Amino acid sequence: MRHWYIGAANSQKDVVILVDNSGSMTGQKKDIARHIVENILDTLTPNDFVNIFTFSNEIRDVIECFGDTLVQANSANIRIMKEALHHIETNELANFSAALTRAFDTLTEYRESRDGANCNQAIMMI
C-alpha cells in the first residue's frame with residue numbers, strides 16, 4: 001500500500017466509483033461498502049483522477065461541488081471523499097443502468113477531452 005510501489009506497479013487512471021445506497025444497503029452491508037471504497041481510495045496516487053457517485057433510484061454526487069468532474073486523487077480530495085462516505089443515507093431501489101450510464105458518460109467525456117489521467121479508465125461498482 002506504499003505510494004511508491006502502487007505508482008510503479010500501476011499506470012495512471014480515471015476511476016468512477018458507484019456506491020449502491022438503495023434500501024438494501026443498511027447495517028453491515030453499508031459498513032462493508034464504505035470500507036471497500038476507502039481501500040480503493042487508498043490505492044490511488046496523485047496521478048489518478050476519481051469521483052464517487054451514489055445510486056438508488058437517483059444518481060447523486062457524494063461531494064456536491066465535485067459534480068460530474070473527476071478530481072485529482074491527492075490527499076486532500078481523498079480525505080474529503082472518505083469523510084463524505086460516512087454521511088451516505090440509504091433509500092429506495094437501486095437503478096444500476098442509470099448509474100452505469102452516468103459513469104460511462106463521465107469517463108467518455110474525459111477520454112474525448114483528454115483531461116484526467118489520459119491512460120486507463122475504470123468503473124468500480126460497490
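**Exercise 1. Which residues have the most contacts inside the largest nonpolar core?**

Before we dig in: this is a predicted model, where local features need pLDDT of at least 70, side-chain atom pairs count only at pLDDT 80 or more, and totals for chains, interfaces and linings use all residues. Numbering starts from 1 along each chain as its sequence is written, and side-chain values use heavy atoms, leaving out hydrogens and water.

*Step 1.* A nonpolar core is a set of buried Ala, Val, Leu, Ile, Met, Phe, Trp, Tyr and Cys residues joined through side-chain atoms within 4.5 Å. Buried means under 20% relative accessible area, with a 1.4 Å probe and protein chains only.

*Step 2.* Read off the residues. The largest core has 19 residues, and those with the most contacts inside it are Ile 17, Val 37, Leu 41, Leu 44, Val 50, Ile 52 and Met 81.

*Step 3.* H3 gives the most, with 4 residues.

*Step 4.* Look for another core. A second, separate one of 9 residues includes Phe 53, Leu 70, Ala 99 and Tyr 110.

**Exercise 2. List the contacts of Val 37, leaving aside its neighbours within four places in sequence.**

*Step 1.* Contact means heavy atoms within 4.5 Å.

*Step 2.* On that basis, Val 37 touches Ile 17, Val 19, Ile 52, Leu 85 and Ile 126.

*Step 3.* Now zoom out to the whole protein. Among contacts with a separation of 6 or more, 76% join residues 24 or more positions apart.

**Exercise 3. Work out the element order of the protein.**

*Step 1.* Count the elements: there are 4 helices and 5 strands.

*Step 2.* Walk from the N terminus, and the order is α-β-α-β-β-β-α-α-β.

**Exercise 4. Check the overall dimensions against the globule rule.**

*Step 1.* The radius of gyration is taken over C-alpha atoms, and the rule is 2.2 Å times the number of residues to the power 0.38.

*Step 2.* For 126 residues, a compact globule would come out near 14 Å; the protein has 14 Å, so the two agree.

*Step 3.* Finish with burial: 38% of the 126 residues count as buried.

Methods
Buried means under 20% relative accessible area, exposed over 50%, partly exposed in between (1.4 Å probe, protein chains only). Helices (H or I, at least four residues) and strands (E, at least two) are DSSP runs, numbered from the N terminus.
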